[in-house]
Amino acid sequence: MSEEGKELIYNKPWILQRADPYIYRHTDGTYYFTASVPEYDRIVLRKADTLEGLQKAEETEIWHKHETGIMSYHVWAPELHYVKGAWYLYFAAGEKENIWDIRPYVLECKDEDPVTGNWVEKGKMGCAPGDEFSFRAFSLDATVFENKGRYYYVWAEKTGVGRQISNLYIAEMETPYQLKTMQVLLTTPDYDWERVGFWVNEGPGVIKRNGKIFLTYSASDTGVAYCMGMLTADEDADLLDPLSWRKERHPVLCSDESVGIYGPGHNNFTVDEDGNDILVYHARTEKEIVGDPLYNPNRHAMLMKIKWDEQGRPVFRF
């Protein structure tokens with residue numbers, strides 16, 4: 001595809017009705033795509049040799065929700081990771097008997113191809129010994145990243161009484177499905193732009209560059225107010241020390257009526273075939289949402305080219 005043709009895929013609906021999109025590029029150059037489906041009942045994967053190829057790639061269901069009990073309702077935000085020689089899918093799900101009892105779960109595949117391979121349920125993500133707090137309440141949107149040979153797990157979990165607040169937490173991992181350390185609070189909804197509809201920090205995504213770790217997240221409810229914030233840490237810092245992270249005062253990406261993009265968020269990062277950094281996110285193209293935003297299917301997967309400023313920080317611009 002020509003450079004002009006490639007530009008046509010950016011900042012517009014790319015894969016329709018696929019919220020919480022996640023793209024992983026493997027060491028052999030193969031791209032894998034997963035996302036929440038509108039029915040919230042299964043996990044799907046696509047694979048292709050190029051980003052453009054993912055758009056029309058065959059979609060394969062690799063796991064289906066249970067009929068009852070855990071993992072039987074609200075299957076949300078799967079992410080595909082390759083950790084220590086095996087494939088892992090991290091996702092959240094509720095119970096048919098209690099649909100808001102959302103918790104984080106893990107699937108494992110030790111075969112070469114995650115699309116055709118055998119997936120095994122590893123159950124709920126395991127806490128560190130003695131941790132009496134993690135995953136006890138509404139918990140979702142986990143991501144995994146590596147730094148200096150250590151793996152970290154970042155997730156959103158609600159706390160408080162009444163209308164609970166969704167915070168972001170981090171912990172080091174002992175195994176791909178067990179935490180090594182206690183949770184550490186990364187960010188809570190401090191600002192007005194994080195408190196529209198609900199007080200929310202969720203959907204973390206990580207990109208590393210220039211000796212820095214940039215952790216983006218989403219804030220507010222899932223409608224037009226949905227937007228992206230960002231934390232920054234030095235890669236040599238203690239990532240389990242909250243003081244190692246600096247939070248941006250203002251959102252780094254939000255709705256823009258001039259381009260017809262509303263509620264951008266729940267992002268992650270990949271690279272194109274030339275190694276350029278790409279933001280993967282979902283957004284809507286309509287300002288007015290019919291019905292409950294959570295069940296409106298028109299959150300579409302989109303892509304954005306990331307630019308870097310003179311200070312080595314990512315710039316997100318439509």
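This is a predicted model: local features need pLDDT of at least 70, side-chain atom pairs count only at pLDDT 80 or more; totals for chains, interfaces and linings use all residues.
**Entry 1: Ile 278**

I started with Ile 278, which I found in strand β19, residues 277-284. Is Ile 278 buried or exposed? Its relative accessible area is 0%, so I wrote it down as buried, since buried means under 20%. I then asked which residues Ile 278 touches, leaving aside its neighbours within four places in sequence. My list of contacts includes Tyr 10 and Leu 51, the run from Asn 268 through Phe 269, Thr 270 and Val 271 to Asp 272, and also Leu 303, Met 304, Lys 305 and Ile 306. I also looked up the separation from Asp 49: the two C-alpha atoms are 16 Å apart, while the residues are 229 places apart along the chain.

**Entry 2: the loop between α1 and β1**

Next I went through the loop that runs between α1 (3-7) and β1 (19-25), where Asn 11 sits. Asn 11 is not a glycine, yet its phi is positive, near 55°. Gln 17 belongs to the loop between α1 and β1, and I noted a positive phi of about 50° for this non-glycine residue. With a relative accessible area of 30%, Gln 17 is partly exposed.

**Entry 3: salt bridges**

A reminder to myself: side chains of opposite charge can pair when their charged atoms come close. How many salt bridges are there? The count comes to 19, and I looked at some of them.

- Arg 18 and Glu 59 meet through their side chains, at 2.8 Å from N to O. This pair links distant parts of the chain, 41 residues apart: Arg 18 is in the loop between α1 and β1, and Glu 59 is in the loop between α2 and β4 (60-64). Arg 18 is buried at 11%, whereas Glu 59 is partly exposed at 26%.
- Asp 190 and Lys 247 also form a salt bridge, at 2.8 Å from N to O. Asp 190 is in the loop between β13 (184-187) and β14 (201-209) and Lys 247 is in strand β17, so this bridge ties together parts 57 residues apart in sequence. I noted Asp 190 as partly exposed at 39% and Lys 247 as buried at 18%.
- Glu 257 pairs with Lys 287, and their closest N and O atoms are 3.6 Å apart. Glu 257 is in the loop between β17 and β18, and Lys 287 is in the loop between β19 and β20 (300-305), 30 residues away in the chain. Glu 257 is exposed at 54%, while Lys 287 is partly exposed at 42%.

I also came across a network of salt bridges that links Glu 39, Asp 41, Arg 42 and Glu 61.

**Entry 4: Glu 248**

Last, I turned to Glu 248, in the loop between β17 (246-247) and β18 (262-271). Its relative accessible area is 12%, so I recorded Glu 248 as buried. What does Glu 248 contact, leaving aside its neighbours within four places in sequence? I found Tyr 191, Trp 193, Met 230, Thr 232 and Arg 313.

Terms used
Residues are numbered from 1 along each chain as its sequence is written. Side-chain values use heavy atoms; hydrogens and water are left out. Helices (H or I, at least four residues) and strands (E, at least two) are DSSP runs, numbered from the N terminus. Buried means under 20% relative accessible area, exposed over 50%, partly exposed in between (1.4 Å probe, protein chains only). Contact means heavy atoms within 4.5 Å. A salt bridge is a side-chain nitrogen of Lys or Arg within 4 Å of a carboxyl oxygen of Asp or Glu.
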